[in-house]
Structure formats: structure tokens, C-alpha cells
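Please look over the chain below. What holds its parts together?

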Amino acid sequence: MVQDDMKHALELAPDQPEVLNFVGYANIEHDADQAQALAMLKKAVDLQPTDASIQDSYAWALLKYRADIKTALPILVQAAEHAPSDAEIGYHLGVAYWYLGRHTEAQDQWNQSLDDNPQPQDRALLMQALQNGGPHLAAFEQKQ
């Protein structure tokens, strides 16, 4: 039902950055229609380039779906500058640092994000990354 609702929302508001962000991010998180999700998120960031949440979603899609650190990192840094206390953005930035081999910076970012009152699901991701030797994104694992 949720997928039908999201599809309907897109039909009603195909150029609304918030709708594109919500649907695109949900699809990336659930590994559904990733190419289309990435295109939606790119459109959202083009429409609203300084929104930290939209920047984060697009950069996360680049990391999770394409393992594209080169493009994602500057976007994540900018998102973190716009929303320095957003634990989810901090987690994503830490992931980018980790896969660049900057493990100390990643761990520092995740520890800082734990101090930013993360949502329970973000706290769980942060703790997993810190306790299990970093994150494990399939896109990066397949490249090795």
C-alpha cells in the first residue's frame, strides 16, 4: 500500500523536491528501483540544491547504489555543514570516510553523531559501524 501511495504522490507532484526525495530515498533504502530512485534524487537536488536532507539522500544513493565516493563526498560534506547535528548525515559522511580509508575520521564522525541524539535506527547503524569494523555496503563489497 505504501508503494501505491508513493507512486500516487509522484503522479500528483512530479516536480516537488520533497516528494522526489522521500520516494527516492525510500527506494534506495529498500533496494527497489535504484536507477529510477537515483534519477529522482538527482532531480530533487537540482531543484533544491541547498537542502541538507536532499543533498544527503542523493549522496547516500550514490554511495549505496554506485559506490561513487568521488561525487558523493563533497555533497555529504556540504550537507553536514548545513545540518551539523543531523546524526543520519553524520553516519553517511562517516561511511564515505571509511571507504576512503579514513577510518579515524569515520569513527570520529560516528562518535559525534551519537552525541547528536540520533533516532533509534540511526543509533543502531552508528553502533554497528563502530563495533563491527565499519559499515558493509554491498556496492563496495562487490568492487573488492
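What follows goes from the core to a helix pair and then to the salt bridges.

The model is predicted. Its largest nonpolar core has 44 residues. Trp60, Leu63, Val95 and Trp110 have the most contacts inside this core. Eight elements are listed as giving two or more residues to the core: helix 2, helix 3, helix 4, helix 5, helix 6, helix 7, helix 8 and helix 9. In soluble globular proteins, nonpolar side chains tend to be buried together.

Take Leu63. Beyond its neighbours within four places in sequence, Leu63 touches residues including Ile69, Leu76, His92, Val95 and Phe140.

Now turn to helix 7 and helix 8. Their axes come within 10 Å and cross at roughly 145°. The crossing is left-handed. On the helix 7 side, Gln107, Trp110, Asn111, Ser113 and Leu114 make the contact. Helix 8 meets them with Arg123, Leu126, Met127, Ala129 and Leu130. By class, six of these residues are nonpolar, three polar and one charged.

Charged pairs come next. There are five salt bridges. One of them joins Lys64 to Asp31, with the closest N and O atoms 3.5 Å apart. Lys64 sits in helix 4 and Asp31 in the loop between helix 2 and helix 3, so the pair ties together parts 33 residues apart in sequence. Asp31 counts as exposed, at 54%.

Lys42 pairs with Asp46, at 2.8 Å between the closest N and O atoms. Both lie in helix 3, four residues apart, about one turn of the helix.

Glu105 bridges to Arg102 at 2.7 Å. Elsewhere, salt bridges that share partners join Glu29, Asp31 and Lys64 into one network.

Definitions and conventions: Residues numbered from 1 in each chain as written. Predicted model: local features only at pLDDT ≥ 70, side-chain atom pairs only at ≥ 80, totals over all residues. Heavy atoms only, no water. Core = buried A, V, L, I, M, F, W, Y, C linked by side-chain atoms within 4.5 Å. Buried < 20%, exposed > 50% of the residue type's maximum accessible area, 1.4 Å probe, protein only. Contact = heavy atoms within 4.5 Å. Axes fitted to C-alpha atoms, helices over the stretch in contact; angles between N-to-C directions. Left-handed = near helix turned anticlockwise from the far one by under 90°. Nonpolar A, V, L, I, M, F, W, Y, C, P; charged D, E, K, R; others polar. Salt bridge = Lys/Arg side-chain N within 4 Å of Asp/Glu carboxyl O.
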